[in-house]
Amino acid sequence: MKLLVVGSVAFDAIETPFGKTDKILGGAATYIGITSSILGVKSGIVSVVGGDFPQEYLDMFTKREVNVEGIEIVKEGKTFFWAGKYHNDLNTRDTLATEVNVLENFDPKIPDSMQDAEILLLGNLHPGVQLSVLEKMNNRPKLVILDTMNFWMDTALETLMQMIAKTDVISINDEEARQLSGEYSLVKAAKKIHEMGPKFVIIKKGEHGALLFHDHKVFAIPALPLEEVFDPTGAGDTFAGGFAAYLAKKGTFDFETMKSALIVGSAMASFTVEKFGTERIQEVNESDVFGRLKQFKELTTFNVEVQ
Ligand code: AMP
């Protein structure tokens with residue numbers, strides 16, 4: 001197993017201008033696990049759910065060769081629940097409910113079978129939990145990727161800074177990069193975030209794509225222009241999952257490989273937003289991915305004379 005994922009496995013209730021759902025399968029680690037499996041990368045999830053979490057969802061992971069040994073089931077507890085409502089532009093959302101439930105006292109345990117993971121992807125969770133996972137690894141993974149959000153900047157900044165200092169690749173959105181660095185310019189923000197620890201800084205810009213910064217270099221990709229975006233939930237997690245899985249497949253973690261990984265992440269995220277929750281990404285197969293990567297190539301390749 002090359003990729004170890006730590007993050008929420010959850011129930012979500014989502015409302016967009018196009019409709020709403022009851023409690024459906026969600027959580028950062030869920031999107032990441034499904035995405036890795038589509039790309040043919042075996043991953044393992046470390047998380048916690050309650051006794052209310054359906055066995056069929058765990059079976060779905062197992063069928064996809066996502067190792068669920070590290071998903072603790074607290075029989076008397078309830079699974080983490082998040083509810084959100086998107087505004088008409090789909091770029092902004094209100095959180096209607098966050099019921100932390102079993103995540104409140106989450107003490108991650110890493111099964112022996114996952115100790116040898118080369119890549120550790122720390123999904124958006126309390127930075128103290130993220131730090132404890134790193135401490136529990138027998139050997140430091142070759143690459144530590146961190147996803148986080150403004151909520152932890154507001155409530156646990158000091159711990160978050162300790163976690164960031166131990167991170168190789170950080171993935172955050174533009175507003176969060178500005179908040180974390182105190183710089184409006186994303187170039188200046190990335191510079192400051194480099195100084196905090198990560199050698200690679202990914203800044204996501206929603207429908208405007210993403211930037212990758214490393215060692216005075218920058219690479220930019222667009223998001224695929226889609227006729228219809230239905231539900232953006234999980235796009236960031238799918239992006240991180242595609243990025244990490246591609247690197248796990250290649251086994252090299254340099255800037256050039258990361259440029260391709262960024263494209264794969266963006267292509268995978270473009271599926272997630274087409275239906276509610278994990279509905280669309282669950283239908284995707286390898287040939288769909290190739291099709292989308294081809295579209296990306298056509299979108300971004302051009303000839304121009306520079307001399
Ligand atoms: P994204 O749309 O990429 O920001 O991720 C949405 C997913 O994150 C949903 O499936 C939620 O279940 C999950 N989520 C939302 N808030 C939290 C939180 N505070 N901790 C862990 N997971 C969360």
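What we have is a predicted model, where local features need pLDDT of at least 70, side-chain atom pairs count only at pLDDT 80 or more, and totals for chains, interfaces and linings use all residues. Residues are numbered from 1 along each chain as its sequence is written, and side-chain values use heavy atoms, with hydrogens and water left out.

Let's start with the sheet. It is open, has nine strands in the order S6-S5-S1-S9-S10-S11-S12-S13-S14, and its pairing is mixed. Strands here are DSSP runs of E with at least two residues, helices are runs of H or I with at least four, and both are numbered from the N terminus. Two strands pair if DSSP finds at least two bridges between them.

Which strands stand at the edges? They are S6 (66-74) and S14 (217-221); each has a single partner strand, so one side of each is left without a neighbour in the sheet. S14 pairs with S13 (residues 210-214) in the antiparallel sense over five bridges, and Leu 212 has Phe 219 of S14 as its bridge partner.

Now the helices. H3 (residues 127-136) lies across S1 (3-6), S9 (119-122) and S10 (143-147), at about 165 degrees to S9. Angles run from 0 to 180 degrees between N-to-C directions, with axes fitted to C-alpha atoms, for helices over the stretch in contact; contact means heavy atoms within 4.5 Å.

H3 also packs with H5 (residues 157-165) at about 35 degrees, their axes 8 Å apart. Among the residues making that contact are Leu 131 of H3 and Met 163 of H5.
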